[in-house]
Amino acid sequence: MPQAQRTEALAASEPGRAASELQGAAVATEAEGLRLHLSSSSSTGYKGVCHEHQRGRYRAFRTEGSRTIYIGVFHTVVEAAVAYARAV
């Protein structure tokens, strides 16, 4: 997914956030010395991260075979992506 479409998708899922804030989150490929796993098929833009719409937070998870391993819930998409990067 091109950056503009990813930013639009993020904006649609988070109407309260500024576009510049969303664009910064969409292009973060490294944080805390870790390489983040980008995904063009995820609405958040990161592998192993989904948005919990009711709570307004981001859930990080990884899969091992057929099992889903829950990592945690985070306030920002980048925090969740960093947690995923640490876990894999």
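In the predicted model, Val-49 stands opposite Ala-60 of strand E4. The two strands concerned, E3 and E4 (residues 57-64), pair in the antiparallel sense, and four bridges connect them. This pairing belongs to an open sheet of three strands, arranged in the order E3-E4-E5 with antiparallel pairing. From one strand to the next, the twist averages 30°.

The sheet forms part of a protein with three helices and five strands. Read from the N terminus, the order of these elements is α-α-β-β-β-β-β-α.

Ser-39 is located in the loop that links strand E2 (34-35) to strand E3 (49-52). Its relative accessibility is 14%, and Ser-39 therefore counts as buried, since the term applies to values under 20%. The side chain of Ser-39 forms a polar contact of 3.2 Å with the side chain of Ser-41. When neighbours within four places in sequence are left aside, Ser-39 is in contact with Gly-45, Tyr-46 and Lys-47.

Ala-83, by comparison, is part of helix H3, which comprises residues 77-87. With a relative accessibility of 12%, Ala-83 also counts as buried. Once residues up to four places away in sequence are excluded, Ala-83 touches Ile-71 and Phe-74. A separation of 35 residues in sequence lies between Ala-83 and Gly-48, yet their C-alpha atoms are 9.4 Å apart in space.

For the protein as a whole, buried residues account for 34% of the 88 residues. Among contacts with a separation of 6 or more, 34% are made by residues 24 or more positions apart. The accessible surface of the protein amounts to about 5400 Å², and carbon and sulfur atoms contribute 48% of this area.

Notes
Residues are numbered from 1 along each chain as its sequence is written. This is a predicted model: local features need pLDDT of at least 70, side-chain atom pairs count only at pLDDT 80 or more; totals for chains, interfaces and linings use all residues. Side-chain values use heavy atoms; hydrogens and water are left out. Buried means under 20% relative accessible area, exposed over 50%, partly exposed in between (1.4 Å probe, protein chains only). Contact means heavy atoms within 4.5 Å. Accessible areas come from the Shrake-Rupley method with a 1.4 Å probe; for residues, only the protein chains shown count as cover. A polar contact is a pair of N or O atoms within 3.5 Å; within protein, one must be able to donate a hydrogen and the other to accept it, and residues adjacent in sequence count only if both atoms are side-chain atoms. Two strands pair if DSSP finds at least two bridges between them. Axes are lines fitted to C-alpha atoms, for helices over the stretch in contact, and angles run from 0 to 180 degrees between N-to-C directions.
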